[in-house]
Amino acid sequence: MAQTQEQTVSTGDTPFVPIEKIVSLCKRRGFVYPNSEIYGGVSGIYDFGPLGVELRNNIRRFWWWSMVQTNDNIVGIEGSIITHPRVWEVSGHVENFVDRLVDCKNCKRRFRYDHLPEENVRQNKCPVGGGELTEPRKFNLMMETYIGMLEGERMKTYLRGEASQNIYLDYDNVLKSSRMAIPFGICQIGKAFRNEVTPGNFLFRQREFEQWDLQFFVHPSQMQQWFDYWKERRFEWYKSIINHKDRLRFRAHGPDELAHYAKQAFDIEYQTVLGWQEWEGIHWRQDWDLSRHSDYSGQDLSYTDPETKERYIPWIVETSGGVDRTFLNLLLDAYEEEPPSGKDKEGRTVLRLNPMLAPVKVAVLPLQKNKEELVTTAKELHHKLRRLMDSQYDDVANIGRRYRRQDEIGTPFCVTIDFTTLEDQTVTVRDRDSMSQIRLHMNEVPAYLLERVR
Ligand code: GAP
């Protein structure tokens, strides 16, 4: 199949956006803040601001709609972050969820062994100064916590290292309570925690992050067919929300990089200034999870086919992606700095986000803020629109500055109330991407916008 090969296609003419520009925009405009900043921050942990939370909710909502709402054979759950500690022993995470690290004996820098260039692994040399490297040492990524107050009664457990374990734990309950039959899927969006030794690149590698998972349960004989199906569906899903379609590809995992639970795996990768990097993993988990939990809990998790009466442990296709990585990739994909042109003499920064995902859908702007009739009419329209979509009212600064402020946060439409509005009830609707403007009657605005932002 074409998509199983590496697709190293041209990246087009648009240069990659440096991460620093996104970090700065996110802080300045209220998308993302460093966590506990007044105390110096915590590496690899972030908070989301007013615009960030809207964008994140829109991203999550679209995933949920595509995966759960529009598939009759998929349901959702929301599991807890803390589970019984046996879950993580049985899942293999306590033993196998490790990063191998090496130190340079000269400069004392530390590297993830699997991130070293091949040449440096072969020569056992530091990629920075060329010094000799130590033997790789294993570090477990699971974050520990304790349940209970009293010494002796406290139980050590873990914050979940992958959100998907809840789905295996709830599989039998879902099966019995929701009349699902194989093949069927369970979805979840939820936080995961990893003691990443090298967090970095902003939201790309964090210690607290959010994942979305589909675990699709199938008969073993249908595994290949469903694996191919979900691989293709997920690839098309990501393609549908980005502008730079040629920056998306599949990469097959080599045998030495497969996670302990996977028999085969493909990453959907996106190319940014960080190079080609994983966005979502499609994993052939087979019967690893249900067999292990069945064996160790003593609860039979096998499935009996209602028609043939065949009993078997279902096999699992997993599609597991990151909400935060989607957030970051969408910003990197959408960010553009346009030089001055005929239409805009100062140039502008614009986020060409898919209108459906943009945090603010429309800004309502009175041409002047000292003309009461303009302000009253604009506020009335804003109040009408905000019941239908994220609408902002803005009357600060000249109209050009206000357009640029909205472009920078990706608002697809600006509606301006001017003196003609007071005469004939028409308004200007400006399109973010083309900067073109049309005039519409005010009554037509809600339907016009809804059609374009939903
Ligand atoms: N249940 C399978 C699983 O957890 P994974 O490839 O380790 O697989 C799935 O993670 C997705 O979670 C990745 O494709 C990535 O988008 C996101 N992810 C993983 N580690 C992350 C981290 N430290 N920071 C942000 N996102 C992360």
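**Strand 16 and its surroundings**

User: What makes strand 13 (residues 275-286) and strand 16 a pair?

Analyst: Six bridges join strand 13 to strand 16, and the two run antiparallel. The model is a predicted one, in which local features need pLDDT of at least 70 and side-chain atom pairs count only at pLDDT 80 or more, while totals for chains, interfaces and linings use all residues. Residues are numbered from 1 along each chain as its sequence is written, and side-chain values use heavy atoms, with hydrogens and water left out.

User: Which residue of strand 16 is the bridge partner of Trp212, and how many bridges join strand 10 to strand 16?

Analyst: The partner of Trp212 is Gly321. Strand 10 (residues 208-218) is joined to strand 16 by eight bridges, also in an antiparallel sense.

User: Why is strand 16 described as largely enclosed?

Analyst: Buried means under 20% relative accessible area, exposed over 50% and partly exposed in between (1.4 Å probe, protein chains only). Eight of the eight residues of strand 16 (residues 315-322) are buried, and the strand is therefore largely enclosed by the rest of the structure. Both faces are covered: Trp315, Val317, Thr319 and Gly321 are buried on one side, and Ile316, Glu318, Ser320 and Gly322 on the other. In the protein, buried residues make up 51% of the 454 residues.

User: What makes a group of residues a nonpolar core, and which members of the largest one touch the most others?

Analyst: A nonpolar core is a set of buried Ala, Val, Leu, Ile, Met, Phe, Trp, Tyr and Cys residues joined through side-chain atoms within 4.5 Å. The largest has 57 residues, of which Ile22 and Phe31 touch the most other members. A second, separate core of 19 residues includes Val364, Ile417, Val427 and Leu440. In soluble globular proteins, nonpolar side chains tend to be buried together.

User: Which residues does Thr349 touch, and where is Thr349 placed?

Analyst: Contact means heavy atoms within 4.5 Å. Leaving aside residues up to four places away in sequence, Thr349 touches Tyr335, Glu336, Glu337, Arg404, Asp407 and Glu408. Thr349 lies in strand 18 (residues 348-351); strands are DSSP runs (E, at least two residues), numbered from the N terminus. The C-alpha atoms of Thr349 and Arg405 are separated by 8.7 Å, although these residues are 56 residues apart along the chain.

Methods:
Helix = DSSP H or I, 4+ residues; strand = E, 2+ residues; numbered from the N terminus. Pairing = 2+ DSSP bridges.
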